[in-house]
Amino acid sequence: MGLINLERDAVLHNAGDIVNTLEIVVKGTIVVSDGDGELELPTGSLVGVFENPDQEYAFTYYAKEDSAVYTYEYNEMEDIRKVLEANPKLMQMLTSRIVSSVKDTFNMCAKQVDLAHKEYHDLMRQFDEYPALCIEIGETPEIFTEVLRIGAPPEDMYVPDWQIPFLDAIIEHEGSLAKMLYGTDVNISAGIVFTTSLFVTSFVEECEVFRKYRDDLRQKAQAFKQKYVMLEAKVNAHRSAQGIEGDEVPEIKNAMDTILGYAGATADQMIDFKDLIAKYKGYQDRTGTNDQLRMLRRQIASKFYELYCAAFLESRKAPQNVPMEVRMFFMFGFVDEELAGPHNTEMLYKYARDYKADREGRVVTMYEWLTKIYNGEVPPSRNEFDNDYEAQLREDKNARKMTEEMYLKLLDDNENKMKFELTNMCSSANRMTFGRVTSFVPVFDEQNVIMPIEKCYLTAEDVHTEINRVRAIDYTLFYRERSYTNQELDIMHFGVQREIMPYVIMMPNLGSRMGMWQEIEGRDRGTPARFVIPVMMIEDVTKNMVQICGEFRWEMCKAIQGIHWSDIREPSLTSEYNDYIQCYRKNPNLSSEHKERVKKTLKKVGNNLRRAFVTDYVKYIQNESNGSPTMNKVARGMLFKYCPFSMEVREQIGANPQYIDLIRMFENHKKQKQHPVEIVIKKLNSKGLEIPEEVQAQQEFLEL
């Protein structure tokens, strides 16, 4: 026992913990919460006096600000007297504070009465409105017999008539009582504390009656509530379509209810999620990194993806009838108009309403990507442990987490594939692209908006523009050599270059990072890469796109080279760059100044080889291609050899002495590759045969 210091928002006791201590607040303020209401215990208050030793805490206690408490053992009621005796100078204040807290506890418990009556009257109002709303949009009303069985709650808590006037009188005459009574004898103070503490026990018991009533009401009304929320969303959309002109946006109200109702959340799930969001909204600084806030964010994230999965599956039943609030949830993680703020809510509504899918199907939202998985168009991505869907199932089967029958069934289960993608790639990529992993939360929060979202929002067209900007410089970026065979034309193992554009998946967050999730699907080198980016980007979009293209270059080469990726006897981008980094100190082609720069770069990237390469790749694309040399000649030669500039860039920098020899060698190498292609074309022409598209395309590629 002794002094305990608490940071702001730190929890002293959670409801459900076992009571074995009492605490005097010696600094700051401790908040008592029952989940629906709160009261504050200022300095000089006794924490836990209304709890029963060796029983579970009825309330949660946490620090409103940086606070400190002095703790004592609490094994029996008599220990309260011991605390008073041990603190004679504080006895008057402690007694006064306890009596005031008793009245505050009554007021807090009385909120359960108000909440129960409000929920009952709101339900009855909605039940009365329900038939008319159905008629308004042409639906047939359903019959909900469970709602008809719900009776009104009791009028009020049962409290003896004398108790509240007694407390009010003590509080009114607190000054004189404290001076003339509380400090005269510890038995008087202890008696008042024991007596009023019994009041609290009865308050809590009465409060529990109303809490149970609310739980019962929610269970019985769950089916109706879900139906009503969706019906109300349809009616509002119908009315908005009639009354709103041009670019106007309807007022968004109770978005969380609409989303939860659409997802078919149970009453308990609704309560849990809404309580988590309410608690999160209660923090003044939601970007903090204390343990309680981190735990809360993790809890929200867990519930968020469960909700996303349920809403996604519901949306596949009627994709054209998804409420706008749910679309905003899918695209941006929007769950609450207060959390998002009025301006952001309006803008998110417009973006969701006006969204147009990418015509090429390459730049997709997370929802669209999951739809592709669900429809069997693409396989799930590898998870953080580099296991693809089948490999993970096989690992689970070998670990006896599933039977052979279940394994075979799940192999072709597209719904399970979608869930695998959501809980693995999507949840991880969402956190990664957010950028600030210690403060990540998947729900849209205006406190994370550090610049107007109008400047951050990315469309598919924006993404294509940025990718094409890199392709216009590094023109072979997405080309891969594939083998073409045509026995009828006597063409065997003819190497052709084919451009395979990546998928770009826009994660529902406002983030600062882009990432290259995987370079190929499974082991097939002819499949698209997968890039992940935030749907709203607060950092330099152009530079980030160049970086992930550099990451792709590196990982694609490693995938092609396999175990030989670092073997200099097998020349490649990765093996030569690895040799360059490992041996830069002894490289005679590098000056002392350049060696020092390499050393600084390695220190900056933590000796990470891929990050070092990406750093050079960014310089190569953004500076070297513009005629502003910033690289040493060894790195420049390596990059140009494996990532040659486009014809347009080569023409612009052709007179630069640092590139003259590199371009000449490139042109000679290209002529060597053109020769066998010309032989094949000449041979086919001599026979009067049609030139295959693949051969023609290879000839055109070599002319670039």
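Me: How many aromatic pairs are there in this predicted model?
Reply: The count comes to 42 aromatic pairs. Rings of Phe, Tyr and Trp pair if their centres lie within 6.5 Å.

Me: Why is the pair of Y620 and F645 called stacked?
Reply: Two values settle that. The ring centres are 4.3 Å apart, and the cut-off for a pair is within 6.5 Å. The planes meet at 10 degrees, and stacked requires under 30 degrees. So the pair is stacked.

Me: What makes this pair a tie between separate parts of the sequence?
Reply: Y620 lies in helix α21, residues 609-622. F645 lies in the loop between α22 (633-642) and α23 (647-653). These parts are 25 residues apart in sequence, so the pair ties them together.

Me: Are Y620 and F645 buried or exposed?
Reply: Both Y620 and F645 are buried.

Me: Which residues do ring pairs link into a cluster?
Reply: The cluster holds F304, Y305, Y308, F312, F329, F330, Y367 and Y374.

Me: What sits over the ring of F434?
Reply: The charged end of R436 does, 4.3 Å from the ring centre. The distance limit is within 6 Å. K558 likewise lies over the face of W565, at 4.4 Å from the ring centre.

Me: How do you know that C426 is in no disulfide?
Reply: Start with the count, which comes to zero disulfides. For C426, the nearest cysteine sulfur is that of C309, 11 Å away. A disulfide needs two cysteine sulfur atoms within 2.5 Å. So C426 is in no disulfide.

Me: Why is C426 called buried?
Reply: C426 has a relative accessible area of 0%. Buried means under 20%, so C426 is buried. C134 counts as buried too, at 0% relative accessibility.

Me: Why does V535 count as buried?
Reply: V535 has 1% relative accessibility. The limit is under 20%, so V535 counts as buried. V535 is found in strand β14, residues 530-537.

Me: How far apart are V535 and T365 in sequence and in space?
Reply: They are 170 residues apart in sequence. In space, V535 and T365 are 7.7 Å apart, C-alpha to C-alpha.

Me: Why is V26 called partly exposed?
Reply: V26 has a relative accessible area of 42%. Buried is under 20% and exposed is over 50%. The value lies in between, so V26 is partly exposed. V26 is in strand β3, residues 21-27.

Me: Which residues make a nonpolar surface patch with V26?
Reply: L3 and Y70 make the patch with V26. The patch covers about 270 Å².

Key: Residues are numbered from 1 along each chain as its sequence is written. This is a predicted model: local features need pLDDT of at least 70, side-chain atom pairs count only at pLDDT 80 or more; totals for chains, interfaces and linings use all residues. Side-chain values use heavy atoms; hydrogens and water are left out. Patches are made of residues with over 30% relative accessible area and no salt bridge: like charges are joined within 9 Å, nonpolar side chains (Val, Leu, Ile, Met, Phe, Trp, Tyr) within 5 Å. Accessible areas come from the Shrake-Rupley method with a 1.4 Å probe; for residues, only the protein chains shown count as cover. A salt bridge is a side-chain nitrogen of Lys or Arg within 4 Å of a carboxyl oxygen of Asp or Glu. Helices (H or I, at least four residues) and strands (E, at least two) are DSSP runs, numbered from the N terminus. Buried means under 20% relative accessible area, exposed over 50%, partly exposed in between (1.4 Å probe, protein chains only). Rings of Phe, Tyr and Trp (its six-membered ring) pair if their centres lie within 6.5 Å; planes under 30 degrees apart count as stacked, over 60 as edge-to-face and the rest as tilted. A charge sits over a ring if NZ of Lys or CZ of Arg is within 6 Å of the ring centre and within 35 degrees of the ring normal.
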